[in-house]
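Trainee: Could you walk me through this one? I'd like to begin with a single side chain and then move on to the chain overall.

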Amino acid sequence: MIEVYSLKASSWSTIQGFNSGYINGKLVVFANGALHWEECYRHRLSASWEIVTLDLAAERFEKIALPIYEDGCIYWTLGVSRGYLVACCNYDEPNRADLWVMKEYSIEKSWTKLVTISSPVDCRGYISPLFAEENGVEVLLKLGGEISLYNSRNGSFKRLHSYLSGDFLEFQVATYFESFASSHFE
């Protein structure tokens, strides 16, 4: 059961229509007026993945196919960069990830592989996309418990900040662009 609270109506409503696999409710991204989660279906020894969306205006669920990926993908993470939906396919062997950008929202054929990232040997955790330049040369990543800048030209990582201290085990990051345009409409 999914319940949504409306600040405008000051009330809760129940949204019907979701009856699928496992959704990682901790990690959500907002793009094109909808919330997006990666969804996993477990099948005995394998898993299949797709994106579940919740259109906030229409209050309905939809699904978006992830790009076609190689065998060995063990976990997907989502992000938004420059207004585009971004998906990162984390592979188990070797330690690497493919970063994909959806050029036309909700059009499966518009997934474009931006860059393949080789994870550092000491990396613990999955790679999550935070921001990518249009050409994919520099990519801002959540890399386990760190925020790092990846340079695809030379394969280097520059650690910007580490969050692996004390009892703080998980964090979420959002990127934004400042603008003179107001997002509040009357």
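Mentor: Let us begin with a polar contact of 2.8 Å, which joins the side chains of D98 and T116; the term stands for a pair of N or O atoms within 3.5 Å, where within protein one must be able to donate a hydrogen and the other to accept it, and residues adjacent in sequence count only if both atoms are side-chain atoms. This is a predicted model, in which local features need pLDDT of at least 70 and side-chain atom pairs count only at pLDDT 80 or more, while totals for chains, interfaces and linings use all residues. Residues are numbered from 1 along each chain as its sequence is written, and side-chain values use heavy atoms, with hydrogens and water left out.

Trainee: Switching topic, what about L7, buried or exposed?

Mentor: L7 is exposed, with a relative accessible area of 77%.

Trainee: And how much of the chain is buried?

Mentor: Buried residues account for 37% of the 186 residues.

Trainee: How many helices and strands does the chain have?

Mentor: The chain has zero helices and 15 strands, taken as DSSP runs numbered from the N terminus, with helices being H or I of at least four residues and strands E of at least two. D98 sits in strand 10, residues 96-102.

Conventions
Buried < 20%, exposed > 50% of the residue type's maximum accessible area, 1.4 Å probe, protein only.
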